[in-house]
There are 2 protein chains.
Amino acid sequence: MSPRDGSRSHHPFGKAADILVRQDAPFNAGPRPERVQASFVTPVDQFFVRNHGDVPDIDPRTFHLTIEGRVKRPFRFSLEEMRRLPKVTVAATLQCAGNRRQELIEERPIPGELPWGMEAISTAEWSGVPLREVLAVAEPDAAAHHVELIGFDEAERHGHRFAFGGSIPLDKAMRPEVLLAYEMNGQPLPPVHGAPLRAVVPGWIGARSIKWLSRINLTEAPSENYFQSKAYRLFPPQTGPENVVWDEGLMLGEFNVSSVICSPGEGETVAAGAQTVRGWAFAGERRVARVDVSIDGGSTWLTAELEPERSRWAWRHWEARVDLAPGPCEIVCRAWDSAAQTQPEGAAAVWNFKGYMNNAWHHVRLTAG
Amino acid sequence: MSPRDGSRSHHPFGKAADILVRQDAPFNAGPRPERVQASFVTPVDQFFVRNHGDVPDIDPRTFHLTIEGRVKRPFRFSLEEMRRLPKVTVAATLQCAGNRRQELIEERPIPGELPWGMEAISTAEWSGVPLREVLAVAEPDAAAHHVELIGFDEAERHGHRFAFGGSIPLDKAMRPEVLLAYEMNGQPLPPVHGAPLRAVVPGWIGARSIKWLSRINLTEAPSENYFQSKAYRLFPPQTGPENVVWDEGLMLGEFNVSSVICSPGEGETVAAGAQTVRGWAFAGERRVARVDVSIDGGSTWLTAELEPERSRWAWRHWEARVDLAPGPCEIVCRAWDSAAQTQPEGAAAVWNFKGYMNNAWHHVRLTAG
């Protein structure tokens, strides 16, 4: 089946018939641009899925979460006990660090990684317990600087099978927006999104929002799990599989500023004259300050109208009215964050051999006629 | 006197003979690139000066700082009382939002603003009282969201004379790195740098580190002072004096990621073959993760060697060994921050009519021979 073929009507895990599937096993898929644009909160059946192994089968009646490591009071929680702690809801955008990898691949091949278009991003209302409430019970000791999160799911890399995991610094873990979530959009968390319990780390790469949580381990240093210590690192452009030193890349965490045009879509023919361009912008830990749109390749710009900020931790949809002359044209967008930081111009300038964190200007080529 | 003429031996305020003067009154000046590069901490006589009015004459014996507005306990502090509070030292880089404006001016004129090269940046060890200690005494009430800082210095704009001021959000004001400083590099704060007491807001534009502090005012909204509400905003490229709506620009605060080549210098002739390129990188609230250097205009890169991080709030010097073929050449640098954010490629892409926040790739044109 072609990744771009959305015609089959049944996907695993109750996903919508028109979702874009990038891989069948493990299942990796995300919403088409028009679905991304359709609503601030992504419906569960459209929410993107980035799995590294099979969805584990966990019995919620016997489920326990273990909290251990550099804490004064290691303990185990049942789901029942978890639900007695304060429940909060945070609307947060999750995005895969590999979103928009396809544009990098068009610069230079990136073998062995999923060729995500712009569909590895979605927004949900997550409900659960702030991680810091659980940490407060465990009492991190003075040597605790990182919070390792380990899932029940297993991945296989280089002939080894191991649990998916990663870590976030204790500072971030103590912030009120970081949740252990058991609901998504007001419904019980579905199995494919991490039931019965997952982490949600707003503003950070999706890989840190560990699903199917089994264990929380307070540590002095970042996790030694493969997906923290080797994968999800940003390497310089001159680095490839042949010369990589895995410890030397930038360990990814916080997101950079990015924006995307969702409509019109790549390759479309639209009427010449007034058109509305729509998309989203997202700035991770920072705020989105402005989105610029150009119809002349970035020589001149107009300012898009941003939707009000509905959540500190979510994307903002935007739209801009443009006037298209008949013929081929290219529309470009770029966002600015609250630190007056904008996106780099070209994908060539951000290419890296694992294909992460592409936040170059986004281009859509059209014909107006 | 030409701004590039450093030959006169006496500057006001004890500044070094070779400092680059951009304006005589008010006095605005900064260190030459080789001085910037010479040490992690900038000597006081080289530290850049960005003043908007005359240096006020304040008697430290009668000086009081007032804390008022949305607080439960408004009060006044003498310097003696201030010195009894906990004293901390933070090594922090300050940079003017207009640093590197000259490169923007080369794209399109920016009348009425100082044509800073790359000298509006320096690093000092600041000692004083954490602002939050003072705020804790005053007890901000529930409506306090911003901390307005007002100086004794006066500026004249559009026919009005008023005190220089600005504000920072209460969240930032409560962070331990934000100081009310009365020492600089272990010596009493000199008059030109804000004696007897100034704010130091690490990671933020220099304009928020208010000098000659007279008053702290807790408020619901950002300061209405001209330098917060109208100046120091980032406007879109299509905005100019003829169509500006002052309230609509991005109110500047946190710094974006930037880097600069300090040596070799622009226009120099150097020996062909192995050369060492040196400079600094700075990421504001974030960390510097990597610096790339190119000798082919950005087609290929090598990774610079970064000095160890000496302070969470300061620049990092770097160096890279390059091999130059005989003839004209252009060296380029760019930095990456801890959120995998890099600098935009060209000054044209970040041009704005007030000339702020230029963090485009930095270029130096040389002849190797």
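Colleague: What is the order of the five strands in the open sheet of chain A?

Modeller: In general, strands of a sheet pair through backbone hydrogen bonds, either parallel or antiparallel. In this predicted model, the open sheet of chain A has the order β5-β4-β13-β8-β9, with mixed pairing; strands (E, at least two residues) and helices (H or I, at least four) are DSSP runs numbered from the N terminus, and two strands pair if DSSP finds at least two bridges between them. Residues are numbered from 1 along each chain as its sequence is written, chains are lettered from A in the order in which they are written, and side-chain values use heavy atoms, with hydrogens and water left out. Local features need pLDDT of at least 70, side-chain atom pairs count only at pLDDT 80 or more, and totals for chains, interfaces and linings use all residues.

Colleague: Which strands stand at the edges?

Modeller: β5 (75–78) and β9 (160–169) of chain A do, each with a single partner strand, so one side of each is left without a neighbour in the sheet.

Colleague: In which sense do β8 and β13 of chain A pair?

Modeller: Strand β8 (residues 146–157) and strand β13 (residues 213–219) of chain A are antiparallel over six bridges, and A:Leu149 stands opposite A:Ile216 in β13(A).

Colleague: By what turn can chain A be laid on chain B?

Modeller: A turn of 180° with a shift of 0.0 Å along the axis does so, with an RMSD of 0.0 Å, when copies are superposed by least squares on the C-alpha atoms of residues with pLDDT of at least 70 in both. That is the relation of a two-fold axis, and in chain A the C-alpha nearest the axis is that of A:Pro344, 2.1 Å from it.
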